[in-house]
Structure formats: structure tokens, C-alpha cells
Amino acid sequence: MTFNGTWKVDRNENYEKFMEQMGVSMVKRKLASHDNLKITIEQTGDKFHVKESSNFRTIEINFTLGVNFEYSLADGTELSGAWNMEGDTLKGIFNRKDNGKQLTTVRTIQGDELVQSYNYEGVDAKRIFKRN
């Protein structure tokens, strides 16, 4: 249950390049770099409730580890996939509905930070969140 809590984005690493690889327009990339994203995670066993709040939208997602679900990114990209726990790491493997390409997201806790890593088509990025 280490992921439980509210996390506010603190900094990004290579995030703009990652969004460019995902096909996000320059205007949306600039806005997303400063979206003030806040994530609230509540874990109960293998079930998760996640609330994402940013300057652009607030959504709530419920998922169960290992069970596929559908999700839409802030830019409208639709994904299908599942989260799994690998040790202390939460790993999501999602396929884009528009082109079938894979997006991998990994969440780990490092000290008092939540590190969310992304990989898409060979481009890696990170968003680092501080506990709020």
C-alpha cells in the first residue's frame, strides 16, 4: 500500500520528447509540461482507485491488478491494457487503439517521491511526484 496518498508533479525528465514521440501536438506538449498534475492513489488489496487532477481535466479510474481496462490520455489517445505488481513496482502495459503500439508505464516509490517512468517507441521519460 506504499502508493497510497496524494502526489503532486514536481519535475519531468525528457517528457516533452516522449509526448512528441506519442504524436502530441506542440501546443498540447507545452501545456502538458505545466499541467500541475496531482494523483491520488488508494489501494485496497489488488484494487486501485486513482484520481488524476490537472489544469485540463479531473478523472477517476478504478482498476484491478492483472485485469484489462480502457483508458484515455489527456490528449484523447485511447489505450487498453492492465497494471501488474512486480515486487514493489506497479507496471502498466497498454496498447494504443489507433495504431496498436505499446506504451509501458512504471510507478515506483523512491524515498518520498513517486517516480512514474514511461517508454514508447524507444523514448523514455519520467515524471517525478512529491507526496502532497
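User: How do the residues lining the largest pocket divide into nonpolar, polar and charged?

Analyst: Keep in mind that this is a predicted model. The largest pocket has a volume of about 680 Å³, and 32 residues line it. Sorted by type, that lining splits into 22 nonpolar, 3 polar and 7 charged residues.

User: Which residues of the lining are closest to the centre of the largest pocket?

Analyst: The pocket in question has a volume of about 680 Å³. Among its 32 lining residues, the ones closest to the centre are Tyr 15, Arg 57, Tyr 71, Leu 73 and Ala 74.

User: How is the chain put together, read along the sequence?

Analyst: Expect 2 helices and 10 strands in the chain. Going along the sequence, they follow the pattern β-α-α-β-β-β-β-β-β-β-β-β.

User: How does the radius of gyration of the chain compare with what the globule rule gives?

Analyst: For 132 residues, the globule rule gives 14 Å. The chain is close to that, so it is as compact as a globular protein of that length. As for the box, the C-alpha atoms fill roughly 40 × 30 × 25 Å along the principal axes. The radius of gyration itself is 14 Å.

User: What percentage of the chain's residues is buried?

Analyst: To be buried, a residue needs a relative accessible area under 20%. Out of the 132 residues, the buried ones make up 40%.

User: What share of the contacts with a separation of 6 or more comes from residues 24 or more positions apart?

Analyst: Take the contacts in the chain whose partners have a separation of 6 or more. Residues 24 or more positions apart account for 39%.

User: Where is Ile 59, and which residues does it touch beyond four places in sequence?

Analyst: Ile 59 sits in strand β4, which covers residues 58–64. Its C-alpha atom is separated by 15 Å from that of Phe 69, 10 residues apart along the chain. Setting aside residues up to four places away, Ile 59 touches Val 50, Lys 51, Glu 52, Tyr 71 and Ser 72.

User: Is Lys 51 buried, partly exposed or exposed?

Analyst: Lys 51 belongs to strand β3. Its contacts, leaving out neighbours within four places, are Lys 38, Ile 39, Thr 40, Thr 58, Ile 59 and Glu 60. Buried would call for under 20% and exposed for over 50%. Lys 51 has 31% relative accessibility, so it counts as partly exposed.

User: How far apart in space are Lys 51 and Ile 39, C-alpha to C-alpha?

Analyst: Ile 39 is among the contacts of Lys 51. In sequence, the two are 12 residues apart. In space, C-alpha to C-alpha, the gap is 5.7 Å.

User: What is phi of Asn 36 near?

Analyst: Asn 36 lies in the loop between α2 and β2 (38–44). Asn 36 is partly exposed, with a relative accessible area of 44%. Its phi is positive, in a residue other than glycine, and near 55 degrees.

User: And where does Glu 121 lie?

Analyst: Glu 121 also has a positive phi, near 50 degrees, in a residue other than glycine. Glu 121 is partly exposed, at 40% relative accessible area. Its place is the loop between β9 and β10 (123–131).

Definitions and conventions
Residues numbered from 1 in each chain as written. Predicted model: local features only at pLDDT ≥ 70, side-chain atom pairs only at ≥ 80, totals over all residues. Heavy atoms only, no water. Contact = heavy atoms within 4.5 Å. 1 Å grid on protein atoms, 1.4 Å probe; cavity = no way out; pocket = protein on both sides within 12 Å on 5 of 7 lines; lining within 4 Å. Points joined across faces, edges and corners; volume = space filled by probe spheres on them. Nonpolar A, V, L, I, M, F, W, Y, C, P; charged D, E, K, R; others polar. Rg over C-alpha atoms; globule rule 2.2 N^0.38 Å. Buried < 20%, exposed > 50% of the residue type's maximum accessible area, 1.4 Å probe, protein only.
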